[in-house]
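Take a look at the structure first, and then we can go through the chains together.

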Amino acid sequence: MIDLRQVTKRYGQAAVLKNITISIDEPGIYCLLGRNGAGKTTLLKSIAGYQNITSGVIMVDGKQISTSTLDTGVSYIENFARHFNLPVGKLLKIASEVNPNYDYDFASEMMERFELDGKKKFNHLSLGMKTMVSTIICLASNKRVVLLDEPVLGFDAIMRVEFYNMLAESFQKHPRIIIVSTHIIEEIAKTIQKLIIIDRGSIRFFDTLQSVETKAFSISGLQKDVEAATQGLNVIGQDAVGGLVTSYIFDNPPGQTASLEIHQLPLQDFFIQIVGHKGGTTR
Amino acid sequence: MTAIFAVVKRLLASNKISFILTVLVVICATSSGDVVLSNGNYTWLLAGMTPFFFVFYDFSKLMHLGASKKDYYSGCLAGYGILALCISLVNTAVHQLIDPIYPAQTVINLMDVCGWTENGLIAAGLQQMFFLVLVMVSLQVLLSMQANWYGWLTDFVLVAIICIFTPIAPLRSVLSEFFQLVMLNSNAPLHVGICLLLSAALSIAGLAVLKRKTL
C-alpha cells in the first residue's frame with residue numbers, strides 16, 4: 001500500500017510536486033500519465049526513497065519512505081539505468097543474489113522470450129534491450145511495489161506488445177502494486193486497471209480505466225444545444241470551430257438527441273483534455 | 001545474509017582495477033641503495049583505491065540491481081574487513097619471506113616503521129589489519145560525502161587542520177600524538193582498540209551519510 005500525504009517537492013523555488021495526497025491500497029497495474037516535466041519521475045523516485053521530499057509523508061506498507069529508509073521494499077527502475085558491464089545472464093543472476101525474493105525463473109523466461117543474448121555484455125546492447133534488462137530485473141524482484149519509469153522507451157512495436165504481456169503475466173503470478181509511467185497511452189490501456197494523471201506537480205485524475213470508458217465523452221453540436229446538454233455536468237474541456245462546439249465531459253452522458261453528437265472519448269483525448277494544455281499553454 | 005554475501009562478492013569482483021594496479025606496483029616497484037622500501041608496503045595501495053570503487057562505481061549499480069542500502073553498507077564493511085585481512089597477510093608474508101632475501105642492507109617495511117613488529121608477527125598482522133580497516137572506512141565516509149556541501153566542508157576542515165597544526169609547535173605535537181595513537185603505536189591492544197573504536201564511530205557516521213544519499 002502506498003500512501004502519500006501532502007507531498008511537496010521543491011528544487012530551489014520551483015515546486016515539482018505540489019501538495020499531493022493519494023492512496024493506492026489495492027494491488028494492480030497503475031498507469032502514471034503526464035506530460036514531460038509534469039513530475040512523474042520525481043514522484044516515482046520519491047516513492048522509491050531515491051530522493052527526499054520537501055514536505056509531507058510517503059508511506060509504503062506502513063513504513064515511512066525517505067532516503068534514510070535502508071530497505072524500502074520498493075523496486076524502481078529508471079530509463080537509462082546503468083548496470084555493471086557484465087553479460088546479461090550474469091547480471092540477472094547477480095540481481096537474484098542481491099534480492100532475497102527474486103524470481104529467477106521468471107527473469108530467465110523473459111530473457112529467452114525477448115531473445116536477449118545472455119552472453120552479450122550490457123553496454124553492447126541496444127537502448128531498447130538495455131531498458132528491457134532493467135525492466136526484467138525490476139519485475140522479477142517481487143517487491144511489494146514496483147515502479148517502472150518509461151519502460152517502453154526505445155522499444156519497437158513488437159517489443160512493446162511483448163512487454164505489456166510480460167507485465168500482465170508478472171502481475172498474475174505475483175499480484176502487487178505496479179506503477180508504469182509512459183507516454184504511449186492507448187497501447188497500455190488494455191493492461192492497466194487504474195489511471196493516474198499528473199500535471200504540473202498535481203494529481204489531476206486518479207480512477208479506474210472503466211470510469212473513463214463510462215464517463216468520458218465528447219458532445220458536439222450547436223453552442224446553445226451543447227450548453228443546454230452539458231449544464232450541471234463536469235465539463236473538462238471545450239473546442240469551438242465556427243458555430244460548432246465540442247464539449248468534453250467526465251460525467252454521466254446526457255441523452256442522445258438529433259442535434260447532438262455524443263462519442264466516447266478515447267483515452268488519449270481524455271488525457272489531453274484533463275491536462276488542459278495546447279501548445280504548452282493553459283486554456 | 002545471502003544478499004550481503006552476494007554484495008561482497010560483487011564489490012570485490014568489480015574492484016579488479018585496484019587489484020591489478022596494486023599487483024603491478026608491488027611486483028614492478030624497484031628501489032636501489034643501502035636502504036630500500038619493501039615491496040610489501042605497496043599492498044596498502046589496494047586499501048587506498050578500493051573505497052573509490054565501492055562508493056563511486058558500485059553503489060548506484062547495486063541499487064539498480066535491487067540491493068538495499070542496508071545490504072550495500074554491510075557488504076562494504078565486510079569487504080573492507082576481508083581486504084584488510086588479505087593485505088595484511090600478504091604484507092606480513094613479504095616482510096617475513098621476501099624482505100630478508102633483499103640484497104639491500106636495510107629494507108623498510110611500514111610494519112616496522114609503525115612499531116607493530118615489536119609485538120610479534122600475529123599481533124603486527126592484526127594491528128595492520130585493523131589500521132587498514134580504519135583507513136578504508138575513513139575514505140568511504142569522506143568519499144560518500146563529496147556530493148554534498150558537508151563533504152566539502154569536511155575536506156576544508158581536514159586541510160585547515162593540517163595547514164594550521166603543522167607549523168605551530170604545540171599544535172604539531174597534538175597532531176603527532178594523534179598519529180602516534182592511530183598509526184605509530186607499538187602498544188598492540190591500545191592500537192587495535194583505538195582503530196576499532198574509530199572505525200565503529202566512522203561507520204556510524206558513514207551510515208548517516210548513506211541515509212542522506214540520493215540516486
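In chain B, 79% of the contacts with a separation of 6 or more are between residues 24 or more positions apart. Please keep in mind that this is a predicted model. The points below start with chain B and then turn to the domains of chain A.

**Chain B: secondary structure**
- Nine helices and two strands make up the secondary structure of chain B.
- Their order along the sequence of chain B is α-α-β-α-α-β-α-α-α-α-α.

**Chain B: overall dimensions and burial**
- Along the principal axes, the C-alpha trace of chain B extends over about 55 × 40 × 30 Å.
- Of the 215 residues in chain B, 40% are buried.

**Chain A: two domains and where they touch**
- Contact between the two domains of chain A involves seven residues of domain 1 and seven residues of domain 2.
- On the domain 1 side of chain A, helix 6 (185-188) and strand 9 (194-199) are the elements that each give two or more residues to the side touching domain 2.
- The residues on that side of domain 1 of chain A comprise four nonpolar and three charged, with no polar ones.

Note on methods
Residues are numbered from 1 along each chain as its sequence is written. Chains are lettered from A and ligands numbered from 1 in the order in which they are written. This is a predicted model: local features need pLDDT of at least 70, side-chain atom pairs count only at pLDDT 80 or more; totals for chains, interfaces and linings use all residues. Helices (H or I, at least four residues) and strands (E, at least two) are DSSP runs, numbered from the N terminus. Ala, Val, Leu, Ile, Met, Phe, Trp, Tyr, Cys and Pro count as nonpolar, Asp, Glu, Lys and Arg as charged, and the others, Gly among them, as polar. A residue is buried if 20 or more other C-beta atoms lie within 10 Å of its own, exposed if 12 or fewer, and partly exposed in between; C-beta atoms are placed from the backbone.
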